[in-house]
Amino acid sequence: SAKRNQFVKGMQMIALHERALLSRILNGSEGLTGLREMDNLDVYLDYEDLTKRDLILAINFKHIEQAAAVKEYDNQGVTVFERVNTSLYSKRMLESFGLEGAIRVSPLHCHSAEDIDQFLIITKKMADDSLYLKH
């Protein structure tokens with residue numbers, strides 16, 4: 001039916017849009033450093049072929065505790081989530097990847113290139129800032 005075809009086409013366009021945002025967040029753009037190139041930052045579950053990926057990432061700063069990083073993102077108006085293996089909700093997934101915890105970044109609040117760029121600017125500042133030290 002025509003309605004079904006419209007729906008399928010819409011889902012394909014959403015997937016392409018999310019893939020473009022994922023590429024931008026990982027690789028950066030126009031003078032902005034992507035997550036893959038940032039110092040003091042680990043990006044987990046990353047591999048080259050973005051066609052097999054959803055727009056969801058797990059990251060950790062090498063010098064900022066997850067809870068402190070999530071709080072700082074929140075202070076900057078960015079919503080990310082702390083996932084720790086002490087949580088029943090996160091335990092099985094994290095342990096399957098050999099992680100104790102991670103910061104989960106998802107498209108919940110990243111809808112546009114501008115959202116991604118703002119996230120990259122904030123993340124780079126946090127990654128470069130030696131004032132944030134793990135306790």
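Author: Buried means under 20% relative accessible area, exposed over 50%, and partly exposed in between (1.4 Å probe, protein chains only). This is a predicted model: local features need pLDDT of at least 70, side-chain atom pairs count only at pLDDT 80 or more, and totals for chains, interfaces and linings use all residues. Residues are numbered from 1 along each chain as its sequence is written, and side-chain values use heavy atoms, leaving out hydrogens and water.

Reader: Which residues of helix α2 are buried?

Author: Helix α2 spans residues 66-75. Helices (H or I, at least four residues) and strands (E, at least two) are DSSP runs, numbered from the N terminus. The buried residues of α2 are Gln 66, Ala 69, Val 70, Glu 72 and Tyr 73.

Reader: Within what arc do the buried residues of α2 fall?

Author: Look down the axis of α2. The arc is taken from the directions from the axis to the C-beta atoms. The buried residues line one face of the helix, because they fall within an arc of 160°.

Reader: Which residues are exposed on the other side of α2?

Author: One face of α2 holds its buried residues. Across from it, the exposed residues are Lys 71, Asp 74 and Asn 75.

Reader: What do the buried residues of α2 pack against?

Author: Packing here rests on contact (heavy atoms within 4.5 Å). Three partners are strands: β4 (57-61), β5 (81-84) and β6 (101-105). Another partner is the helix spanning 113-128, α4.

Reader: Which residue with a positive phi follows α2?

Author: Helix α2 covers residues 66-75. After α2 comes a residue with a phi near 85°: Gly 77.

Reader: How many residues make up the largest nonpolar core?

Author: A nonpolar core is a set of buried Ala, Val, Leu, Ile, Met, Phe, Trp, Tyr and Cys residues joined through side-chain atoms within 4.5 Å. Ile 25, Leu 35, Ile 59, Phe 61, Tyr 73, Val 80 and Phe 119 have the most contacts inside the largest one. Its residue count is 27.

Reader: Which element gives the most to this core?

Author: Helix α1 (2-27), β4, α2, β6 and α4 each supply at least two residues of the core. One of them gives six residues, the most: α4.

Reader: Which residues is Leu 35 in contact with?

Author: Leu 35 is among the residues with the most contacts inside the largest core. Leave aside its neighbours within four places in sequence. Leu 35 is then in contact with Ile 25, Leu 26, Leu 41, Val 43, Leu 57, Ile 59, Phe 119, Leu 120 and Thr 123.

Reader: How many salt bridges does a search of the whole structure find?

Author: A salt bridge is a side-chain nitrogen of Lys or Arg within 4 Å of a carboxyl oxygen of Asp or Glu. Glu 30 and Arg 24 form one, at 3.1 Å from N to O. The number found in the whole structure is eight.

Reader: How far apart are the closest N and O atoms of Lys 124 and Asp 128?

Author: Both residues lie in helix α4, four residues apart, about one turn of the helix. Lys 124 counts as partly exposed at 29% relative accessibility. Asp 128 is also partly exposed, at 43%. In their salt bridge, the closest N and O atoms are apart by 2.6 Å.

Reader: Which residue forms a salt bridge with Glu 48?

Author: Glu 48 sits in the loop between β3 (41-44) and β4. Its partner lies twelve residues away, in the loop between β2 (32-33) and β3. The closest N and O atoms are 3.9 Å apart, and the partner is Arg 36.
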